[in-house]
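Work through the exercises below with the sequence and the coordinates open. Each task is followed by a solution in steps.

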Amino acid sequence: MTIHIGAEPGQIAETVLMPGDPYRAKWAAETFLEGAELVNEVRGMLGFTGTWKGHRVTIQGSGMGMPSLSIYANELIRDYGAKTLIRIGSCGAMQEKVAIRDVILAMSATSISTPSLSFFKEVNFAPTADFDLLRKAWDAAQAKGITTHTGGIYSADVFYAERPDLDEVMERHGILAVEMEAAELYTLAARFGVRALAVLTVSDHLKTHEALPSSDREKSFGDMVEIALEAAFA
Ligand SMILES: Nc1nc(Cl)c2ncn([C@@H]3O[C@H](CO)[C@@H](O)[C@H]3O)c2n1
């Protein structure tokens with residue numbers, strides 16, 4: 001076990017799905033995994049390991065924000081040997097062409113700062129998804145007939161930003177959506193030589209101010225889990 005994860009050695013699979021919400025981790029494990037067992041509940045950040053079509057999978061909550069994800073991703077990679085980490089989560093659309101319920105595959109993740117800023121000093125590192133995972137996720141989404149956008153997203157440090165100037169510059173440069181975890185996940189994956197991808201469902205729209213009804217959130221989340229699993233094991 002580590003400082004923040006109570007799982008025994010061997011209880012975490014090489015493939016890990018990371019929703020922000022631990023209760024989404026519980027729902028996804030119960031819905032998609034066979035033989036799902038609770039392997040972490042330290043600080044309530046639930047993690048489960050089971051199998052999907054015979055493949056071992058762990059679904060571990062990351063919490064909200066890059067500092068929280070950074071703790072779990074570091075320990076999953078360095079202490080438990082995770083080799084493929086796929087964030088599944090929600091985001092806010094920043095482009096008119098993106099609609100509520102669409103899926104976004106994050107090719108890159110722009111940020112103002114990440115927990116890794118101290119590593120880079122003057123280097124402006126470009127956090128990027130694993131192409132093979134991205135390609136397979138795209139194929140899986142197309143096969144499901146889900147409207148999918150692939151491109152850059154913005155990983156914010158705060159939810160209540162009150163920086164309309166930031167939104168404007170991100171939108172002008174084609175940033176598809178805002179969330180709060182992917183940039184650090186991609187940076188850690190690059191640092192430790194593992195694969196990472198963020199598969200996001202559009203739950204809010206910053207321009208139309210629409211929001212995904214809670215009744216639709218479970219279905220949209222289920223599509224993301226399936227896309228992530230098919231990308232990981234295709
Ligand atoms: N900044 C921000 N803004 C919007 Cl419009 C979001 N929609 C979903 N999220 C995600 O959901 C959580 C915040 O509700 C975070 O984990 C973040 O990744 C968002 N985060």
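The model is predicted, so local features need pLDDT of at least 70 and side-chain atom pairs count only at pLDDT 80 or more, while totals for chains, interfaces and linings use all residues. Residues are numbered from 1 along each chain as its sequence is written, and side-chain values use heavy atoms, with hydrogens and water left out.

**Exercise 1.** State which residues UniProt lists for the domain "Nucleoside phosphorylase", and give the helix and strand content.

Solution. The unreviewed UniProt entry lists residues 16-228. UniProt positions are in the numbering used here, feature names are shortened, and annotations may be inferred rather than shown by experiment. Over residues 16-228 the chain is 36% helix and 30% strand. Helices (H or I, at least four residues) and strands (E, at least two) are DSSP runs, numbered from the N terminus. The end C-alpha atoms of this range are 10 Å apart.

**Exercise 2.** Locate D204 and decide whether D204 is buried, partly exposed or exposed.

Solution. The unreviewed UniProt entry places the feature "active site" at D204. D204 belongs to strand β9 (residues 195-205). The relative accessibility of D204 is 29%, so D204 counts as partly exposed. The classes are buried under 20% relative accessible area, exposed over 50% and partly exposed in between (1.4 Å probe, protein chains only). Contact means heavy atoms within 4.5 Å.

**Exercise 3.** Describe how helix α2 (residues 66-78) packs against helix α6 (residues 182-192).

Solution. The axes come within 9 Å and cross at roughly 25°. Axes are lines fitted to C-alpha atoms, for helices over the stretch in contact, and angles run from 0 to 180 degrees between N-to-C directions. Angles under 35 degrees count as roughly parallel, over 145 as roughly antiparallel, 65 to 115 as roughly perpendicular and the rest as oblique. Therefore α2 and α6 are roughly parallel to each other. In α2, M66, L69, S70, A73, N74, I77 and R78 meet A183, E184, L185, L188 and F192 in α6. These residues divide into eight nonpolar, two polar and two charged. Ala, Val, Leu, Ile, Met, Phe, Trp, Tyr, Cys and Pro count as nonpolar, Asp, Glu, Lys and Arg as charged, and the others, Gly among them, as polar.

**Exercise 4.** Do likewise for helix α1 (residues 22-32) and helix α7 (residues 214-233).

Solution. The axes are 11 Å apart, at an angle of about 65°. Therefore α1 and α7 are roughly perpendicular to each other. R24, W27, A28 and F32 in α1 meet R217, E218, F221, G222, V225, E226 and L229 in α7. The contact residues divide into six nonpolar, one polar and four charged.
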